Amino acid sequence: MSPFFRTAARLGAVLCAAAATALWPQAAAAQSLIRDTEIEGIIHEWSAPVFVAMGLEPDEVTILLVNDQSLNAFATRGRIMGLNTGLILRTRSPNELLGVIAHEGGHIKNRHTLRDGAQNAGMQPFLMTMALGALAAIAGAPDAAAVLMANSQYFGTLSALRYMQGQEGEADITAARALEAAGISGRGLMAFFENFRSQEVFSEARRFPYFRSHPLSSQRIEQLRPYVTQASSYNVPDDPIQVAQHALVLAKIHAFMEPPAQTLRKYPASDVSYPARYARAIAWYKSGETDRALAAVEELLAEQPENPFLWELKGQILFEEGRAQDAVAAHSRAVELLPDAPLLHINLAHALLESGQSDQLDEAIDHLKRATVLESDNTLPWRLLGQAYARQGKEGEARLASAEYYFAMGQQQQATQFALRARDMLEPSTVEWRRAMDIVLASGATMDDIRILDENTRRRTPGVIPPAGR
């Protein structure tokens, strides 16, 4: 996979909710989160009216793209939603994908903590049945006690399943109402469920993960149907722009996640649509046919010269080819066209760093700082900032950047160690010095750690007794 289609290097808290691994060296896990500014922008643009209709603030909902070919999605604490690439690829229209997003938004709106709630719902009858079994044994009825205790897990499972089905139905209705309020048809929500209606008869082993965590039943579909079919927006067709965007999303996922030969079969030369040509350019890039890939991108740019994502792709192809300085111009144009996209600033900064030009270090640092402001929980710019400052000989700033990196990753011990070293190298009471102290305190350093550090600072700066921090 190309770093252009970036694995998420962010969201330390999310790593606990949805285990992630990165192309950039980070903690390995079973699944990975992927980043793509274009796809993320499309999904957020579609979702915003639905979230507003639900009473949610769109900017407060984090939507993660999970690199997993299984059909699944989830909503969890912190207004976090995850969409597997496998689910996205199985949607047949933008309305179907938006229906799933609306459903998961319904869980967030209704504050469903599915896993904990299901466990709690199942635990109560489990414990009650176990208690009855124990009482039966005490009362001298060991056979009855054995039956009750043996069935305690069964009763708990039934209760949890009923609880989950109740939550699913509630999320369905919330989604349908929000879609209607936003003037969007709920047809896709129904169509998605009906397409997988047979899942309810499969065993757990054969059922898609989505329908193991989102129990589907004919009764649930029939309860949802009147809310969808009787809505005034039921017959509203998909927006042609969204149809084209959906095709592009699928093409990019196929092209970046599948072998080039498979992409070229799926999008043959006879297909001259924009998504197909985009996919073929990515496939040639991945297969090492750089000149062919660049020629394809140039043709697309001739048609859409103001498209930042085509400039991003061009820059990434040049960067991967070892032409970092050439990549700078393309990434600069992408940033110029879309200045509020943190990943584009990171791409440009990375190219500037790899170009080997010392006079470009300040520019790289400026872009990385901009990225940390736009997306404070992204760890990659902090890692690159550490490298940039080290090349400038600014050891204090380099260690502070490393402390920020580990702090964002949730690795408190390493964050504290680097922050302590940074604070001892930075000028006392500067913004950077105080930030290092903030990390020290937030990461749980002891007063003995701080006292030792202060003694070192006083020896380095006679007559100055720095405060313990704030």
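Q: Which residues of strand β2 (residues 32–35) point the other way from Leu33 and Arg35?
A: This is a predicted model, in which local features need pLDDT of at least 70 and side-chain atom pairs count only at pLDDT 80 or more, while totals for chains, interfaces and linings use all residues. Residues are numbered from 1 along each chain as its sequence is written, and side-chain values use heavy atoms, without hydrogens and water. Strands (E, at least two residues) and helices (H or I, at least four) are DSSP runs numbered from the N terminus. All four residues of β2 named here are buried (under 20% relative accessible area, with exposed over 50% and partly exposed in between, for a 1.4 Å probe and protein chains only), and those pointing the other way from Leu33 and Arg35 are Ser32 and Ile34.

Q: Which residue of strand β3 (residues 62–67) stands opposite Ile34?
A: Two strands pair if DSSP finds at least two bridges between them. β2 and β3 pair in the antiparallel sense over three bridges.

Q: What is the bridge partner of Leu65 in β5?
A: β3 and β5 pair in the parallel sense over five bridges. Strand β5 (residues 80–84) has five of its five residues buried, so it is largely enclosed by the rest of the structure. In β5, Leu65 has as its bridge partner Leu83.

Q: Which residue takes a positive phi in the hairpin of β4 and β5?
A: Strand β4 (residues 73–76) pairs with β5 in the antiparallel sense over four bridges, and Ala73 stands opposite Leu83. Three residues lie between the strands of this hairpin. The residue with a positive phi, near 80°, is Gly78.

Q: In which sense do helix α16 (residues 324–337) and helix α17 (residues 342–354) run, roughly parallel or roughly antiparallel?
A: Axes are lines fitted to C-alpha atoms over the stretch in contact, with angles from 0 to 180 degrees between N-to-C directions. The axes of α16 and α17 come within 8 Å and cross at roughly 160°. Angles under 35 degrees count as roughly parallel, over 145 as roughly antiparallel, 65 to 115 as roughly perpendicular and the rest as oblique. The crossing angle therefore makes α16 and α17 roughly antiparallel.

Q: How far apart are the end C-alpha atoms of helix α20 (residues 395–409)?
A: The expected span of a helix is 1.5 Å times one less than its number of residues. With 15 residues, α20 should span 21 Å. The distance between its end C-alpha atoms agrees, at 21 Å.
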